[in-house]
Amino acid sequence: MSDNFQSYVFADPANGDLSADFRRIPAYLIAEQIILDKTRDNSLEGEGHMPGSQAEKLYTQDIDRWRELDVNGVTFRSGRIVEVSSDLAECRCPHCNTVIDAESENFEAVSAALDRFDNEGIDLLSCPACSRETKLSDWDFSDALVVGRHKVTFWNWPRLKPDLAHRFEQISGLKCHYIEGRI
Ligand SMILES: [Zn+2]
């Protein structure tokens with residue numbers, strides 16, 4: 001059986017300490033008893049937090065026996081986050097809105113920028129269409145990929161409430177993108 005994930009990826013703040021801002025997310029989830037402080041080997045990326053007694057606060061419809069699954073943890077990761085859902089088909093410049101097809105020559109600049117972020121943590125992309133330099137994490141990769149600095153991932157949880165990314169933004173003050181996938 002494959003496992004599904006629902007991830008929330010947080011981008012750089014305009015200023016301030018991203019780590020301190022992001023730490024409000026696990027603090028909130030633990031305080032609300034949505035997850036436990038306790039972790040175990042329950043995700044595809046190592047130890048995760050176990051679901052708490054109030055986990056259902058985050059979703060609208062329950063699914064059978066998900067609490068009994070071996071993989072149902074909640075993980076927090078920091079660093080150079082590139083969360084991938086599916087093959088990238090196109091992306092869109094946040095400045096000029098030009099769509100760049102992954103098969104096109106212009107996409108080479110995008111690939112190079114993704115590699116640079118992966119290797120050096122440089123979050124910048126000069127748009128091949130308008131030449132404007134913007135943050136890679138501001139680009140729209142049409143739900144196939146999200147770039148950021150922190151993430152929280154829910155493994156095999158029921159579908160989470162649609163306003164959760166917005167709530168996480170309010171709690172952390174950081175821009176937050178939702179992405180889901182199956183492994
Ligand atoms: Zn552009």
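Mentor: Start with helix α2 (residues 24-31) and helix α4 (residues 164-172), which pack at an angle of about 110 degrees with their axes 9 Å apart. Axes here are lines fitted to C-alpha atoms, for helices over the stretch in contact, and angles run from 0 to 180 degrees between N-to-C directions. Helices (H or I, at least four residues) and strands (E, at least two) are DSSP runs, numbered from the N terminus.

Trainee: How are α2 and α4 oriented to each other, then?

Mentor: They're roughly perpendicular, therefore, at that angle. The cut-offs are under 35 degrees for roughly parallel, over 145 for roughly antiparallel, 65 to 115 for roughly perpendicular, and oblique for the rest.

Trainee: Which residues of α2 and α4 make the contact?

Mentor: On the α2 side, Arg-24, Ile-25 and Tyr-28; on the α4 side, Phe-168, Ile-171 and Ser-172. Two residues are in contact if their C-beta atoms, placed from the backbone, lie within 7 Å. The set splits into 4 nonpolar, 1 polar and 1 charged.

Trainee: Before we go on, what kind of model is it?

Mentor: It's a predicted model: local features need pLDDT of at least 70, side-chain atom pairs count only at pLDDT 80 or more, and totals for chains, interfaces and linings use all residues. Residues are numbered from 1 along each chain as its sequence is written.

Trainee: OK, zooming out. How many helices and strands does the protein have?

Mentor: It has 4 helices and 10 strands. Along the sequence the pattern goes β-α-α-β-β-β-β-β-α-β-β-β-α-β.

Trainee: And what's the radius of gyration?

Mentor: It's 17 Å, close to the 16 Å that the globule rule gives for 183 residues, so the protein is as compact as a globular protein of that length. The radius is taken over C-alpha atoms, and the rule is 2.2 Å times the number of residues to the power 0.38. The C-alpha trace spans about 50 × 40 × 30 Å along its principal axes.

Trainee: What share of the residues count as buried?

Mentor: 30% of the 183. A residue is buried if 20 or more other C-beta atoms lie within 10 Å of its own, exposed if 12 or fewer, and partly exposed in between, with C-beta atoms placed from the backbone.

Trainee: Switching to loops, where is Arg-65?

Mentor: In the loop between β3 (46-51) and β4 (74-84). Arg-65 counts as exposed, with 8 C-beta neighbours inside 10 Å. Its phi is near 55 degrees, a positive value in a residue other than glycine.

Trainee: And what about the phi of Asp-143?

Mentor: That one is positive too, about 65 degrees, although Asp-143 is not a glycine. Asp-143 sits in the loop between β8 (133-134) and β9 (145-155). With 13 C-beta neighbours inside 10 Å, Asp-143 counts as partly exposed.

Conventions:
Nonpolar A, V, L, I, M, F, W, Y, C, P; charged D, E, K, R; others polar.
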